[in-house]
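Trainee: I have a model open and want to learn how to read it. Can you walk me through it?

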Amino acid sequence: MPDQHLIKKSIHYRKNIVRYIYHANAGHTGGSLSCIDILNVLYNYVMNVNPENFDSPDRDRYIQSKGHSVEALFVVLADKGFFPEMDLETLCKYNSHYIGHPTRKVRGVEHNTGALGHGLPVSVGVAIGAKLGEKNFRVFTLLGDGELPEGSNWEAALTAAHYGLDNLCAIVDYNKLQITGRTSEVCNTDPIDTKFESFGWTVRHVDGHDIDALKACFDALPFVKGKPNLIIADTVKGKGISFMENQLKWHHGVPDEKQYADALTELDVASTTVPDDFEL
Amino acid sequence: MSTIIEHGSNVGTSGKANLEVFSYTLQELASNDKSIIVVTSDSRGSGKLTPFGQKYPKQIVEIGIAEQNLVGVAAGLASTGKKVFAVSPACFLTARALEQIKNDVAYSDNAVKLIGISAGVSYGALGTTHHSLHDYAVMRAINNMIIVAPADNFETAHAIIKAAECHHPVYLRFGKKPMPHLKNETENDFQFGKARVIRRGGDVTFIGTGETVYPSLQAAEKLSDQNIEAMVISMHTVKPLDYELLASVAANGKPIVTVEEHMIFGGLGEACASFLLQNGYTNPFKIVGIPDEYTVTGSQNEIFAHYGMTPDGLAGTAVKLLQRSGVNKL
């Protein structure tokens, strides 16, 4: 039985991503839409983190290395109750904490990101901290496929395997597009799986928009005891809004009034296909 | 801590390298505090941390030669509540890993203690790749960063203790040359941002930091033979600067000479000059450091000598400044 509740949440999140980007007249639409199902499953199914336990040293950690997809993170954190959703109306406005990349000024954000290639090393440090402190929490980090050429990722990949960090799970939002063009044409990082495997990681592939497949994949953690985990989530940039899907211009394109209305309409239609007896 | 008091008690006698005091102090701290974690980039030997690693194998994390990763991992570790000392040669730490320092440490406010070893031109003839003559400048330009260059063993030990207690990022840099005890300390009063007056005198003031304080003190002693009394200040904290002391020193209008093992751009001298000029002090002023050129080759001592950072060189600079300002006591 598919998880209709989370499927419905994803639609709600997609609407909010588009809504707040439209109001801010700024944002990274395509990448937020490609990773939102992953964040949905992490925050609503996998991780033990919420506004009540956020100051607890035992909480699970999420570090978003691809910081530019901050709108996805903000709408999920708002939904989790870390802050009132209406705060997002100040997105990218003067003196707002809700800027175009994650910042710890926003409750629920673990680490300030935005410059690429930072999430994995920091997550490795968190995972080592957990091991040293004999804590059972886990750390999840979301990487963009476009940021994999940053050498710091590979430095951290070595360290993660060296210390057998099976409490670390990196997820690649494999949407295959970056600002200049197709990732395979900008700097080909394929195949990602065998590269990480050769570094000593265990790698699994999953459809990054299939809620139930994502749940099953995370349920299998750690894939192999004593090895760090990589999930390559096959995704579509701009997913859920047909005219944005797989279109380079929606990397940081902002919808105009008509596009905004069309996007909401399309998401409303999608919503009607999900059984209605699930309260958000 | 008994060792700290010892370090200040034998003025004029030869002390240890600040690097060794760092290692020793850290071992003492770690003996009572399991949250102290050292992170190294194949630098435990050059950081004198081999004994630390032997004594506390669970409190040292080896990263290998990967400075960006070193700092990123250190930030993550610090976020889990560890008191993290990230140790690497200052030249690599503050250049290669600068973005990690800016974002993962300073901006994210992870209280990593960044330890730049063999700083300045300590590596001497190993050349420019191994010199850190840019680190004050770049670290000063980053918000939320305390910058400390201890002059002697007393300052080093205290700086390490204060850094361990500090809930915010700290950058500490020092060399590996044995440093003499500069001043008898009856009280263990050491604070970041509070400069230490090493010698009093009313004719001219030397403001040094790190390993340049000692030649400044020697210069002051030479000047004393010529009936010129120099004040010597150890501005161990380059940021935040001790503005109060700076203002009180400048109030007499006498010449000020700053001395740093750093390029003359963006370091201690320009920090002092900026404060003084913007607050109406127009004392005769000279920044002594490494000029904007291909740095001369040689040992640390030879490089210091080449650029006038010796007792004679600094005394000469002070005399010239006094002459230029019409205060010729000769």
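Mentor: We take helix pairs, then sheets, then domains and the chain contact. This is a predicted model, in which local features need pLDDT of at least 70, side-chain atom pairs count only at pLDDT 80 or more, and totals for chains, interfaces and linings use all residues. Residues are numbered from 1 along each chain as its sequence is written, while chains are lettered from A and ligands numbered from 1 in the order in which they are written.

Trainee: At what angle do H1(A) and H3(A) pack?

Mentor: Two packed helices are described by the angle between their axes and the distance between the axes. Helices (H or I, at least four residues) and strands (E, at least two) are DSSP runs, numbered from the N terminus. Axes are lines fitted to C-alpha atoms, for helices over the stretch in contact, and angles run from 0 to 180 degrees between N-to-C directions. Here, helix H1 (4-24) and helix H3 (70-80) of chain A pack at about 120°, with axes 9 Å apart. H1(A) and H3(A) are therefore oblique to each other. The scale is this: under 35 degrees is roughly parallel, over 145 roughly antiparallel, 65 to 115 roughly perpendicular, and the rest oblique.

Trainee: Which residues of H1(A) and H3(A) meet?

Mentor: Contact means C-beta atoms, placed from the backbone, within 7 Å. H1(A) brings Tyr13(A), Asn16(A), Ile17(A), Tyr20(A) and Ile21(A). H3(A) answers with Glu71(A), Ala72(A), Val75(A) and Val76(A). By class, that contact has seven nonpolar, one polar and one charged residues. Ala, Val, Leu, Ile, Met, Phe, Trp, Tyr, Cys and Pro count as nonpolar, Asp, Glu, Lys and Arg as charged, and the others, Gly among them, as polar.

Trainee: How do H2(A) and H3(A) cross?

Mentor: The axes of helix H2 (29-46) of chain A and H3(A) come within 8 Å and cross at roughly 30°. The crossing is right-handed. A crossing is left-handed if the near helix is turned anticlockwise from the far one by less than a right angle, and right-handed if clockwise. H2(A) contributes Ser32(A), Cys35(A), Ile36(A), Leu39(A), Asn40(A) and Tyr43(A). On H3(A), the partners are Glu71(A), Ala72(A), Leu73(A), Val76(A) and Lys80(A).

Trainee: What about H10(B) and H11(B)?

Mentor: Helix H10 (243-250) and helix H11 (268-278) of chain B have axes that come within 11 Å and cross at roughly 65°. That makes H10(B) roughly perpendicular to H11(B). Their crossing is right-handed. Tyr243(B), Leu246(B) and Ala250(B) meet Cys272(B), Phe275(B) and Leu276(B). The contact has six nonpolar, no polar and no charged residues.

Trainee: Now sheets. In what order do the strands of chain A lie?

Mentor: Strands of a sheet pair through backbone hydrogen bonds, either parallel or antiparallel. Two strands pair if DSSP finds at least two bridges between them. In chain A, five strands form an open sheet in the order E1-E2-E3-E7-E6, with parallel pairing. Strands E1 (61-64) and E6 (202-207) of chain A stand at the edges, each with a single partner strand, so one side of each has no neighbour in the sheet. The twist averages 20° from one strand to the next. Six bridges join E3 (168-174) to E7 (229-234) of chain A. Tyr174(A) stands opposite Asp234(A) in E7(A). Helix H4 (119-132) of chain A packs on the sheet, touching E1, E2 (139-144) and E3 of chain A, with its direction at about 170° to that of E2(A).

Trainee: Is the pairing in the sheet of chain B parallel or mixed?

Mentor: Mixed: seven strands form an open sheet in the order E2-E1-E3-E4-E6-E5-E10 (chain B). Its edges are E2 (60-62) and E10 (237-239) of chain B. Three bridges join E5(B) to E6 (170-173) of chain B, which run parallel. Ile147(B) has Tyr171(B) as its bridge partner in E6(B).

Trainee: How is chain B divided?

Mentor: Into domain 1 (2-173) and domain 2 (196-321); such bounds come from an automatic or database domain assignment. Their C-alpha centres lie 25 Å apart. In the contact, 23 residues of domain 1 of chain B face 27 residues of domain 2 of chain B.

Trainee: Last, how many residues does each chain give to the contact between chains?

Mentor: Chain B gives 23 residues and chain A gives 21 residues. The largest share of the chain B side, nine residues, comes from H4(B).

How values were computed: Two residues are in contact if their C-beta atoms, placed from the backbone, lie within 7 Å.
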